[in-house]
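Hello,

Here is the structure I promised to pass on. My notes follow below it.

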Amino acid sequence: MPPKKKGKGKKGKKKGKKKNDAELTIDDKYKKTLHEIEALKDHLASRKEIARRAQSHSDEWKRKMEVAHDQLTNHKDDQRAVTTDMTRQYKHMQTEMNSEIHRLTAALDKTKLKLEQTERQLDETTREKERVTTEKDQLINELQDKIKNMEFSYESMMQEALDNMVIKLDTAQKRWQEQATNIHFENKQKLMEFGLNPLDI
């Protein structure tokens, strides 16, 4: 029986400590899930290739048996012994091959199940990413609206304060002018009481 070929080796792991699942962000989970799906697809393809090669070996042995049987028809003395040996080898090989095919089939089913689970996880991660993105955009829009409202309120308050200040200044100016007029009039009256002409001073 020919030696079995080894399947493809697993891809080398990245150096450094792995992040805990609790520490992974949505983007990290999304990327990790994509990598797992690609690895599972490669593993699935490798299993299918091994099964195909196993079936090819089985067919090759059958062909050799047929060729040997045809060749031994001209050698009746040795035919029974050789046929018996070939039959024994074939049955032994077929038993091992059936066992290997059964093992590969089980592994293939397990890999398919894992692929389905990973794809579901990818869908969930994608939906979660979209939900978080939507909530983030909504929050940003709400904050921008609040900032605009605050800016408008601040401008209104400043304008109102400036208007009030102008009104107070106008009022104070009028009051000062009235006080200055009154003081001027009182001084004029006092000068006239002393017999002085305000225009001469």
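Glu 119 is partly exposed because its relative accessibility is 34%. The class sits between buried (under 20% relative accessible area) and exposed (over 50%), with a 1.4 Å probe and protein chains only. Glu 119 lies in helix 2, residues 76-193. Helices are DSSP runs of H or I with at least four residues, strands are E runs of at least two, and numbering starts at the N terminus.

Two points on the source. This is a predicted model, where local features need pLDDT of at least 70, side-chain atom pairs count only at pLDDT 80 or more, and totals for chains, interfaces and linings use all residues. Residues are numbered from 1 along each chain as its sequence is written, and side-chain values use heavy atoms, with hydrogens and water left out.

Glu 119 also belongs to a negative surface patch, together with Glu 116, Asp 123 and Glu 124. Patch residues have over 30% relative accessible area and no salt bridge; like charges are joined within 9 Å, and nonpolar side chains (Val, Leu, Ile, Met, Phe, Trp, Tyr) within 5 Å. Asp and Glu count as negative, Lys and Arg as positive; His and chain ends are not counted. Each charge is placed at CG of Asp, CD of Glu, NZ of Lys or CZ of Arg. Areas come from the Shrake-Rupley method with a 1.4 Å probe, and for residues only the protein chains shown count as cover.

Now the salt bridges. The whole structure has 8. The criterion is a side-chain nitrogen of Lys or Arg within 4 Å of a carboxyl oxygen of Asp or Glu.

Asp 27 pairs with Lys 129, with the closest N and O atoms 3.6 Å apart. This pair links distant parts of the chain: Asp 27 is in helix 1 (residues 26-72), Lys 129 is in helix 2, and they are 102 residues apart. Asp 27 is partly exposed at 38%. Lys 129 is partly exposed too, at 29%.

Glu 49 and Arg 52 form a salt bridge at 2.6 Å, N to O. They are about one helical turn apart because 3 residues separate them in helix 1. Glu 49, Arg 52 and Arg 53 are linked in a salt-bridge network.

Arg 131 and Glu 135 form a salt bridge at 2.5 Å, N to O. Both are in helix 2, 4 residues apart, about one turn.

Last, Val 82. This residue is in helix 2. Its C-alpha atom is 8.7 Å from that of Ala 68, 14 residues apart along the chain.

Best wishes
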